[in-house]
Amino acid sequence: MKKFFVLGVVLCSLTSYGQQLDQIGKKGGVKVSGGVGMSNNFYVADGISNRLNPYSYVLSGNVNISLYGFSLPFSFAFSNQNFSYRQPFNIYGLSPTYKKWTFHAGYRNLSFSPYTLNGHNFLGGGVEYRGDKLSVAAMSGRLLKAVNYDSTNANVLPSYSRMGGGIKVNYKAGSDEVFVVAFYAKDIVGSINEVPEVVGLRPQENMVWSIGGTKVLFEKLTLHAEGARSAWTRDVTTESDLKPSTLSSKLYFMPWKQSTQVYTAFKANATYDFSFMNLGAGYERVEPEYQTLGAYYFNNDLENITVNFSTALFQKKVNISANGGLQRDDLNNQKASKMNRKVGSVNMGIVPSRRLNINLAYSNFYSFVNVKPVDVTFLQNTIFADIDTLNYTQISQTVNGSVSYKLSENDHISRTISVNSSLMSASNKQGRSSFGNQMANGNVMFNQSWKKSGISLGVNTNANQTSYEQGNSLFVGVGVNAGAPVFKKKLRVSLSLNANQNYEKDQLVARLYSVSNTYSIRLGKKHSLSANMRYSGRAKLGEASLGRYNATFNEFMGAVGYNYTF
């Protein structure tokens with residue numbers, strides 16, 4: 001870690017985000033807020049086994065203490081199911097700020113770029129300076145804690161203690177900027193006991209350089225690019241040191257092993273702002289085996305090409321956006337299978353008047369997988385050369401639409417009707433066989449509210465149909481909901497009723513009902529009470545084999561709760 005810098009680690013029993021040191025001594029520097037609540041839940045079922053406990057309770061609360069910008073959050077939950085308690089002393093850290101400076105100590109996380117340090121937690125120290133043109137961020141600390149191998153517990157994953165450090169320097173002039181990132185991480189070999197070979201754990205070392213920036217040309221064209229080179233050693237223990245083969249490899253300041261390889265990642269995109277639309281395109285390529293130890297998970301071996309555009313027409317009453325892309329993997333033609341993906345979507349929003357609002361959307365996902373034969377040479381010049389069962393195609397499409405229209409609106413009453421629908425389809429093809437399914441749903445809703453009294457009333461109808469290889473399923477139903485304030489608007493009462501019929505293979509197999517009733521009341525500014533009841537019922541019709549519902553049952557759920565806030 002001396003390759004970069006050494007930062008002293010100051011550990012304290014506080015969790016803070018953006019503490020303001022210059023606020024110390026000012027009035028209002030100490031604040032306490034939070035709340036506590038108690039909920040009692042009841043459950044009864046007839047005709048089926050209980051899916052919940054007949055009675056359960058939950059006592060929960062949270063307290064936040066603020067001391068001149070320092071934040072101490074506490075929370076707890078206690079019930080007859082389990083008990084949990086959270087406080088900031090298990091994972092502790094401090095990030096005070098003073099003017100343009102921010103200092104980090106304890107458990108923190110920073111992000112430099114997607115290819116270097118990207119949201120990885122560390123225990124250590126860091127500093128950030130945000131100037132008008134020059135910005136610098138740096139960190140140093142432990143990325144992973146040492147965990148010994150435990151043969152009796154498969155859920156415990158062993159790991160070496162991993163130390164790391166990095167720095168990012170960013171310079172910005174107007175709309176243009178450029179940045180450079182350096183990140184280094186290494187596993188400590190003697191930090192854990194010997195691990196069996198079958199586990200496959202090896203101590204690693206990694207050094208990443210990245211450079212990128214943004215450039216605006218002609219006040220219309222915006223270019224952004226980032227390129228990264230990562231030197232990754234898979235095992236630092238069993239291989240002899242080698243001399244770097246090129247001048248560029250000497251820039252990584254780490255011992256060169258037989259398992260050390262250098263990989264490249266690159267992405268770029270451009271956006272042009274026309275007077276009537278924005279048009280953009282992007283390209284990304286990440287080599288197979290590209291790795292950074294500054295991220296928990298990283299996708300490699302991929303190439304992406306994307307295009308997008310957006311426009312606003314007719315005085316911004318019509319807004320259209322679209323994007324599409326191509327992705328492929330197996331860049332070096334070494335995997336057992338190769339996948340190609342095509343993705344596209346179009347969204348349109350139309351607002352012809354203040355009352356009418358229309359939204360339309362379409363998306364398409366296409367993927368093609370070619371599973372390579374084990375021995376291509378064996379298949380050549382044989383009847384199996386054109387075998388088609390090794391190709392697999394999947395196509396998914398979605399269409400959504402919604403229309404909302406205000407029938408009337410004034411100081412006394414508001415009426416709105418809306419229609420929503422969607423169609424989703426998925427088809428799969430393997431060789432000469434193909435199969436697929438479709439799901440279509442739609443609903444129509446009418447709502448009316450009386451503004452002065454606060455009373456609301458809604459009516460809706462819905463339908464949902466699923467078609468699949470074995471048959472089809474259809475749900476159709478209606479619903480009514482209402483709400484009203486009583487006792488000088490201190491108590492709010494709401495009621496909803498729903499009824500649905502279920503058809504399987506065009507035959508009625510079940511009816512479903514639900515009734516919900518909710519009460520909520522505020523007692524002053526800090527106290528509130530609530531109660532809700534819900535009944536669900538299902539009546540089986542016809543033969544059980546015709547539907548998925550093979551039982552008639554009744555189910556009741558209720559809850560009474562109290563909350564206090566301060």
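**Rings, strands and charges**

A search through this whole structure, which is a predicted model, turns up 12 aromatic pairs. Take Y115 and F298 to begin with. Their ring centres are 6.1 Å apart and their planes meet at 65 degrees, so this pair is edge-to-face. Y115 is in the loop between strand 8 and strand 9, while F298 is in the loop between strand 16 and strand 17, so the pair links parts of the chain that are 183 residues apart. Both Y115 and F298 are buried.

Now look at Y272 and F274. This aromatic pair is tilted, with 4.5 Å from centre to centre and 55 degrees between the planes. Y272 has a relative accessible area of 30%, so it's partly exposed. F274, at 31%, is partly exposed as well. Elsewhere, ring pairs join F42, Y55, Y57 and F78 into a cluster.

Back at Y115, the charged end of K267 sits over the ring, 5.8 Å from its centre. Over the ring of F179 you'll find the charged end of K168, 4.8 Å from the ring centre.

Next, follow the strands. Strand 17 and strand 18 run antiparallel and are joined by 12 bridges; one of the residues to look for is L313, whose bridge partner in strand 18 is V318. The hairpin of these two strands has four residues between the strands, and F314 there takes a positive phi near 50 degrees. Strand 18 also runs antiparallel to strand 19, with 11 bridges joining them. Here I320 has M348 in strand 19 as its bridge partner.

On to the salt bridges. Side chains of opposite charge can pair when their charged atoms come close. The count here comes to 13 salt bridges. One of them joins K100 and D132, at 3.7 Å from N to O. K100 lies in the loop between strand 7 and strand 8, and D132 in the loop between strand 9 and strand 10, so the pair ties together parts that are 32 residues apart in sequence. K100 is partly exposed at 35%, whereas D132 is exposed at 69%.

What about D187 and R162? Their side chains meet in a salt bridge at 2.6 Å, N to O, linking strand 12 to strand 11. Both D187 and R162 are buried.

Finally, R202 and D235 form a salt bridge at 3.6 Å, N to O. R202 is partly exposed, with a relative accessible area of 29%, but D235 is at 8%, so it counts as buried.

Notes: Residues numbered from 1 in each chain as written. Predicted model: local features only at pLDDT ≥ 70, side-chain atom pairs only at ≥ 80, totals over all residues. Heavy atoms only, no water. Phe/Tyr/Trp six-rings, centres within 6.5 Å; stacked < 30°, edge-to-face > 60°. Buried < 20%, exposed > 50% of the residue type's maximum accessible area, 1.4 Å probe, protein only. Lys NZ or Arg CZ within 6 Å of the ring centre and 35° of its normal. Pairing = 2+ DSSP bridges. Salt bridge = Lys/Arg side-chain N within 4 Å of Asp/Glu carboxyl O.
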